[in-house]
Amino acid sequence: MAAETLRKIGLYFDDLNKIRVLDPEASHKTSALREECKDYESKITEFQKVVDSFLQISETLSAEVEKEKLKAIGSRNLLKSITKQRETQQQQLQALIIEKKLQLERLKVQHESLRKEEMEQNELIEQFLLQK
């Protein structure tokens, strides 16, 4: 009955028969909650470390991907440049071939003309020699 009276005014006896202001059940729940909070805090700390590690790895990979992306863009631009240079060179060579073909045709015509003139001059020389 004395314990009941003390309980009504907010005083309790614990397992060691010491007077407490807090209900032993509430005290036990508070201790359990404290332990759970410590566990939760350690898990959150561990999770934060994992997240930080993940972010660091992500940033490293991101930097490497960006670097490789720039290399790829540079290579693509170089390839386009080389392709354009080859096309330009091919066009120049085709123009040179056309020019050389035209020059060959002119030289053939000129050669034919010179052969005719040579034949005419040879005939003229023969006629001149025959007349003497």
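E112 is partly exposed, with a relative accessible area of 38%. In this predicted model, the residue forms a salt bridge with R115, and the closest N and O atoms of the pair are 4.0 Å apart. R115 is itself partly exposed, at a relative accessible area of 41%. Both residues belong to helix α2 and stand three residues apart, about one turn of the helix.

The count of salt bridges comes to two. The other pair, E68 and K71, also lies in helix α2, again with a spacing of three residues, about one turn of the helix. E68 has a relative accessible area of 45% and is partly exposed; K71, at 48%, is partly exposed as well.

| Salt bridge | Closest N and O atoms |
|---|---|
| E68 and K71 | 3.7 Å |
| R115 and E112 | 4.0 Å |

A patch of negative charge is present on the surface, where E117, E120, E123 and E126 gather. Of these residues, E120 is found in helix α2, which covers residues 24-131. E120 counts as exposed because its relative accessible area is 54%, above the 50% cut-off.

The chain as a whole contains two helices and two strands, arranged along the sequence in the pattern α-β-β-α. Of its 132 residues, 2% count as buried. The accessible surface amounts to about 12800 Å², and carbon and sulfur atoms contribute 58% of it.

Confidence in the model has a mean pLDDT of 89 over the chain, with 82% of residues at 70 or more. Among the elements, α2 has the highest mean pLDDT (94), whereas helix α1 (residues 2-8) has the lowest (64).

How values were computed: Residues are numbered from 1 along each chain as its sequence is written. This is a predicted model: local features need pLDDT of at least 70, side-chain atom pairs count only at pLDDT 80 or more; totals for chains, interfaces and linings use all residues. Side-chain values use heavy atoms; hydrogens and water are left out. Patches are made of residues with over 30% relative accessible area and no salt bridge: like charges are joined within 9 Å, nonpolar side chains (Val, Leu, Ile, Met, Phe, Trp, Tyr) within 5 Å. Accessible areas come from the Shrake-Rupley method with a 1.4 Å probe; for residues, only the protein chains shown count as cover. A salt bridge is a side-chain nitrogen of Lys or Arg within 4 Å of a carboxyl oxygen of Asp or Glu. Lys and Arg count as positive and Asp and Glu as negative; His and the chain ends are not counted. The place of a charge is taken as NZ of Lys, CZ of Arg, CG of Asp or CD of Glu. Helices (H or I, at least four residues) and strands (E, at least two) are DSSP runs, numbered from the N terminus. Buried means under 20% relative accessible area, exposed over 50%, partly exposed in between (1.4 Å probe, protein chains only). pLDDT is the predictor's confidence in each residue, from 0 to 100.
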